[in-house]
Amino acid sequence: MIRRLFGAAILLAGMVDGLGAVAQPAERPAMIRLVAAAENDADGRCAGAVFVINDSRAAITPVISGLSWLDERDGSRKGESQDLAPGEAPAGETVRVAGFDLPVPCARLRAVAGDLRCGEAACAAPVLGESRGLAGFRMPAGLARGLGNAVAQAPRPRIEALATPASSPAPDAAASTPAAPAATPSPMPALEPDTDRQGNDYRTDELAGGGAAACQALCLGEAMCRAFTFVPAAEGNGAGACWLKDGVPDAFPSGGMVSGVVRPDGASHLVAQASSDASAVAASPAADAPPAEPAPNMRPGWAEMRERVENGPEGDLVVRYGDIDNLGFGWAEGFDPFTGAVTDAHHFPFTPSPADPPGTDRILLGTGVVIPLDDRYGDGYHEHAERPAATPPEMRIPLAPLPAEMRQVLVQFFVDDFQSPVFESRFQVTLNGRRLPNFETVFNALNQSGPVGKLVSLRLLPEFFPLLAGGEAVFRIDDPDSGGKDGFAIDFIRVLVNPRIIHPATITARVLELGSDSPIAGALVEAGLSAGRTDAQGHVQLEGVPAGLVAVTANREGYDGATEMQDAVAGETVEVTLYLPRRQETASALRQEVERRGRATIRGIHFDFDRDTPRADSLPALEALQALIEEMKETAWVIEGHTDGVGGAAHNRRLSQARAEAVIAWLVARGIESSRLTPRGLGPDQPLADNATDEGRALNRRVEAVPLR
């Protein structure tokens with residue numbers, strides 16, 4: 001995490017504002033800071049040193065107690081030291097406190113933390129006034145959160161990158177070597193109030209506090225960040241979204257937002273050397289440089305591009321497409337992507353190796369995005385996409401021979417940087433040319449950033465099992481029509497037939513009515529291969545859910561369904577609350593659904609069993625559909641009919657076609673031009689849910705209106 005993102009430099013660990021009555025120029029607030037620098041040594045251990053920077057006008061005698069490091073894996077505090085007293089730190093100088101040599105790589109180093117206070121002599125003068133706690137830093141996503149109150153209190157926080165020492169001895173309270181004076185940093189780049197810089201985003205972080213200053217500090221702490229925009233949350237208190245950018249987009253007026261440019265030419269403005277004999281701050285790896293080979297911390301078999309295991313611990317058949325290498329960046333020591341852990345963030349762009357199967361280990365961009373690009377807002381990935389390399393291809397997975405019986409099928413995708421809710425993309429997922437609506441629901445609920453990779457496990461409904469009879473699964477993930485600039489990547493895909501879940505998590509869910517917060521009894525809740533119905537209090541618990549980024553869905557007749565994405569770690573229990581809105585089939589509600597999903601589902605058009613004439617109770621839904629089509633006067637429509645799985649597939653396709661034609665006839669009789677309407681009967685071919693349950697069959701019986709644009 002550290003070296004890959006920041007080269008050899010580890011940035012600000014924390015800040016303490018102070019000096020009490022000691023005057024300081026407005027442009028140079030007084031601060032005393034604890035700073036760390038580290039990198040992996042030749043043996044893969046994290047080696048570095050901790051420094052105190054006295055950016056005040058008085059000498060201090062600092063004492064650091066409880067210096068320790070926080071483990072990224074579990075957040076535990078380790079290696080706490082005795083009090084360290086490096087000696088006097090003259091005004092404006094940097095003093096080395098101690099070296100460290102951790103038995104883990106730097107990717108495991110979440111934070112360096114400790115309590116910084118002044119010695120007795122210095123405390124006699126109002127330098128700090130009293131002992132102040134000093135929070136550690138978190139790399140990379142939580143840097144600003146790790147600064148905590150220190151950022152909020154500092155009138156103009158500043159960050160400096162320290163050079164990594166050529167060698168760092170193990171921590172030793174008695175050994176401390178004063179360093180040469182730190183170079184005077186350049187002034188902090190000015191904030192741009194009421195300004196939005198749109199585009200070039202590579203990550204967004206939700207900040208609990210600190211405001212625009214915390215966002216600026218976060219950007220300064222990442223070598224690839226050149227500009228930022230802070231969007232304050234409604235609750236205030238410095239909370240909000242921090243958008244980090246790998247370029248410098250144009251500025252636009254936007255009330256309430258705060259932006260800034262920290263590296264207009266790509267170079268850091270705030271760099272100071274820690275000592276005259278220290279090595280220079282290492283530059284970040286070139287963004288387009290391929291990851292080092294081989295990828296670190298690979299387990300046996302993970303480097304194979306394809307794998308087939310029959311009658312193994314994970315199922316009757318497990319077939320993998322693509323190597324398990326985190327897009328070529330490898331893994332932290334001991335990392336297992338199947339246990340629900342989240343990867344470190346990585347740089348981009350990146351390029352696949354010649355051996356990577358089509359569609360894996362590369363940046364992809366939906367075919368609805370036209371290159372060269374227009375000015376529409378988008379993520380960081382899309383700006384590095386080129387055709388045809390970024391065009392989503394078919395990913396062909398040979399499965400033959402299949403087990404004699406297929407009871408369940410689980411499909412796992414290790415996905416990276418899908419952000420449909422942010423960039424309004426609408427992904428379509430197909431298997432052997434057939435769309436998988438339940439897969440699409442999940443992919444269009446993903447909101448990743450970082451960019452980081454996560455494992456998503458999805459149940460293939462039994463209605464799609466016949467597609468696998470030919471012995472091949474051909475997947476394609478594309479956004480052909482929204483134009484949303486949402487680049488993404490896939491590390492690998494696995495198909496598990498009759499799976500055995502060896503890394504299970506537990507989901508405890510509660511389903512409430514949106515608006516009233518009343519519990520909804522009898523709601524069907526699903527996650528992975530597990531399903532259950534809520535009790536009178538809206539509660540249900542699902543066991544044996546595959547660890548990873550879990551899609552938890554809830555449905556109940558009379559309500560719109562809901563999907564929540566939750567990180568679930570193996571062996572742990574995750575609580576989730578789902579809010580279901582009552583179904584409203586008004587023209588405005590249908591219009592909003594079209595804008596969000598690219599189609600509108602109408603469940604209020606009812607037919608008697610095996611009949612194709614709308615019942616009388618369908619009138620409100622039909623009138624809402626009529627109003628929608630009249631409102632969108634320039635749009636042509638496909639009216640789709642869908643059935644459940646009761647009866648033969650061929651018969652149901654004919655029945656659904658007749659039902660779609662009957663809906664169109666009703667609309668034409670009320671003045672809608674027939675040339676704008678095309679019927680399409682899909683029968684049972686695009687189920688939303690399992691036809692084995694009453695709820696599933698009810699969800700699958702529907703009419704959908706799809707605009708042609």
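Me: Which elements do the buried residues of α8 pack against?

Reply: In this predicted model, the buried residues of α8 pack against β31 (600-602), α9 (619-631), β32 (636-642) and β34 (702-708). Packing here rests on contact, that is, on heavy atoms within 4.5 Å.

Me: Which residues of helix α8 are the buried ones, and how do you know on which side of α8 they lie?

Reply: Helix α8 covers residues 587-597, and its buried residues are Ala-587, Ala-589, Leu-590, Glu-593 and Val-594. They span an arc of only 160° around the axis, and therefore they lie on the same side of α8. The face turned away from this buried side carries Gln-592 and Arg-596, which are exposed. Gly-598 follows α8 and has a positive phi, near 85°.

Me: What makes β34 count as largely enclosed by the rest of the structure?

Reply: The count of buried residues decides the matter: six of the seven residues of β34 are buried, so the rest of the structure largely encloses this strand.

Me: What makes β17 and β20 the edge strands?

Reply: Four strands form an open sheet in the order β17-β22-β19-β20, with antiparallel pairing. β17 (395-398) and β20 (434-435) each pair on one side only, and this makes them the edge strands. Strand β19 (residues 428-431) is joined to β20 by two bridges. The cut-off is at least two bridges, and therefore β19 and β20 count as paired. Within this pairing, Leu-431 has Arg-434 of β20 as its bridge partner.

Me: Why are Cys-215 and Cys-242 said to form a disulfide?

Reply: Their sulfur atoms are 2.0 Å apart. A disulfide requires two cysteine sulfur atoms within 2.5 Å, so the pair qualifies. A search of the whole structure finds one disulfide.

Me: Is this disulfide right-handed or left-handed, and how do you know?

Reply: The torsion about the S-S bond of Cys-215 and Cys-242 is about 80°, and so the disulfide is right-handed. Cys-215 belongs to helix α5 (residues 211-220) and Cys-242 to strand β13 (residues 240-245), so the bond ties together parts 27 residues apart in sequence. Both cysteines are buried.

Me: Why is the pair Glu-310 and Arg-308 called a salt bridge?

Reply: The closest N and O atoms of Glu-310 and Arg-308 are 2.9 Å apart. The cut-off between the side-chain nitrogen and the carboxyl oxygen is 4 Å, so the pair meets the criterion. Side chains of opposite charge can pair when their charged atoms come close. The structure holds 34 salt bridges.

Me: Are Glu-310 and Arg-308 buried, partly exposed or exposed?

Reply: Buried means under 20% relative accessible area, and exposed means over 50%. Glu-310 has 47% and is therefore partly exposed. Arg-308, at 31%, likewise counts as partly exposed.

Me: How do you know that Arg-680 and Glu-640 meet in a salt bridge, and is Glu-640 buried or exposed?

Reply: The N to O distance between the side chains of Arg-680 and Glu-640 is 3.8 Å. This value is within 4 Å, so the pair is a salt bridge. The pair links distant parts of the chain, with Arg-680 in strand β33 (residues 677-683) and Glu-640 in strand β32, 40 residues apart. Arg-680 has a relative accessibility of 41% and therefore counts as partly exposed. Glu-640 has 4% and therefore counts as buried.

Me: What joins Asp-560, Arg-583, Glu-585, Glu-593 and Arg-597 into one network?

Reply: Salt bridges that share partners join these five residues. Glu-593 is also one of the buried residues of α8.

Me: Which residues have the most contacts inside the largest nonpolar core?

Reply: This core has 39 residues, and those with the most contacts inside it are Ile-397, Phe-413, Phe-439, Phe-443, Leu-460, Phe-475 and Ile-477. Leaving aside residues up to four places away in sequence, Phe-413 touches several residues, including Phe-439, Phe-443, Phe-475 and Ile-477.

Note on methods:
Residues are numbered from 1 along each chain as its sequence is written. This is a predicted model: local features need pLDDT of at least 70, side-chain atom pairs count only at pLDDT 80 or more; totals for chains, interfaces and linings use all residues. Side-chain values use heavy atoms; hydrogens and water are left out. Buried means under 20% relative accessible area, exposed over 50%, partly exposed in between (1.4 Å probe, protein chains only). The arc is that of the directions from the helix axis to the C-beta atoms. A nonpolar core is a set of buried Ala, Val, Leu, Ile, Met, Phe, Trp, Tyr and Cys residues joined through side-chain atoms within 4.5 Å.
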